[in-house]
Amino acid sequence: MKLGSLKHGRDGQLVVVSDDLSRARAVPEIAGTLQQALDRWAEVEDDLRAAARSLADGGGEIDFAAALSAGEVASPLPRAYQWADGSAYVNHVELVRKARGAELPESFWREPLMYQGDSGRFLGPRDPIEALDEAHGIDFEAEVAIVTDDVPMGVPADRAARHVKLVMLVNDVSLRGLIPAELAKGFGFFHGKPASAFSAVAVTPDALGEAWREGKLHRPLLSTLNGKPFGRPEAGIDMTFDFGRLIAHAAATRHLPAGSIIGSGTVSNRDADGGPGRTVAEGGAGYSCIAEMRMIEIIAQGRPTTPFMRFGDTVRIEMLGGSGRDIFGAIDQRVERAVLQDR
């Protein structure tokens, strides 16, 4: 089953979406928004699945593909009670630290890193990335994310994965020029992590078939920067902590409300020889963010040569099924200069 939200008010209008992302149907008789559905998931799941099956028979009065192209599709959850992003791909963390000459603590292989992000307003899959200044170091981060039902505090990792109700993609936008000074204060990210964007639909794990197993999504995550292939790492490889571990980490000292979103962190693969990875042009898996490519350049050449994103640049993040069909509805964004309000 695939669920999405059309832009409508703050929380969107819930729609069930056909598997090929062409058609959709609003289901106000079941739930008006995705958050309402998640709050009552055990009660409404069967009804939602029945509505989704009706689309296979040619139903669906909404042209979802046209709505997506027109920018009328919101994030599946336009806002959420909780957005916590992990760093499950320790290869990415290791490269970040190596580029600045820092050792990776051994504990990073045993316990996930995680930060709590801005969940008050998410970007839709075709919404622009707004930035005030190119000097802020505008970067994309291609990731996988899951949505939970209510998760009890202290849930063990081997039971946490059952709380995964939906899977989606995310562009966790980063402002690299602001992050070092923030981290140096010892209090974590804030200005360096603006609004994130999510894929057009969220998909139930069963609908992903064999691609969803062991609490991981096993498909290549494709990133294109300004129309050129940038990354194609396999999301199920080199993921040190599966989503069960990430959920358990997030719930270690708190209950997670239904609709909580947990991110995987930047998807990152080592090279076949165990090295840090090669670009797509060199036959490698490439990278899921510009910062990682710059790290490789620093390690190899002593300085970065790939610039961060500028106004007018575009990024596309998607995942294809075995048939080559888009699974989640691609995130396709352009960087634009923000227009300040209330000045």
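## Helix H7

At the start of helix H7, a side-chain oxygen of Asp-242 comes to within 2.9 Å of the backbone nitrogen of Gly-244. Helix H7 covers residues 243-250, and because six of its eight residues are buried, the helix is largely enclosed by the rest of the structure; buried here means under 20% relative accessible area, with a 1.4 Å probe and protein chains only. The buried residues of H7 are Phe-243, Gly-244, Leu-246, Ile-247, Ala-248 and Ala-250. Helices (H or I, at least four residues) and strands (E, at least two) are DSSP runs numbered from the N terminus.

## Basis of the model

This is a predicted model, in which local features need pLDDT of at least 70 and side-chain atom pairs count only at pLDDT 80 or more, while totals for chains, interfaces and linings use all residues. Residues are numbered from 1 along each chain as its sequence is written, and side-chain values use heavy atoms, with hydrogens and water left out.

Asp-139 lies in strand S9 (residues 138-139) and is buried, with a relative accessible area of 0%. Its side chain makes a polar contact with the side chain of Arg-176 at 2.8 Å, a polar contact being a pair of N or O atoms within 3.5 Å, of which, within protein, one must be able to donate a hydrogen and the other to accept it, and residues adjacent in sequence count only if both atoms are side-chain atoms.

Lys-193 is placed in the loop between helix H6 (179-184) and strand S13 (197-198), and at 9% relative accessibility Lys-193 also counts as buried. The side chain of Lys-193 makes a polar contact with the side chain of Glu-141 (2.8 Å). Lys-193 and Asp-172 are 21 residues apart in sequence and 7.7 Å apart in space, C-alpha to C-alpha.

## Nonpolar cores

The largest nonpolar core has 75 residues, and those with the most contacts inside it are Phe-64, Val-167, Leu-208, Leu-217 and Phe-328. Such a core is a set of buried Ala, Val, Leu, Ile, Met, Phe, Trp, Tyr and Cys residues joined through side-chain atoms within 4.5 Å. Leaving aside neighbours within four places in sequence, Leu-208 is in contact (heavy atoms within 4.5 Å) with Val-167, Val-203, Leu-217, Ile-327 and Phe-328. A second, separate core of 30 residues includes Leu-3, Leu-48, Trp-83 and Ala-202.

Conventions: Buried < 20%, exposed > 50% of the residue type's maximum accessible area, 1.4 Å probe, protein only.
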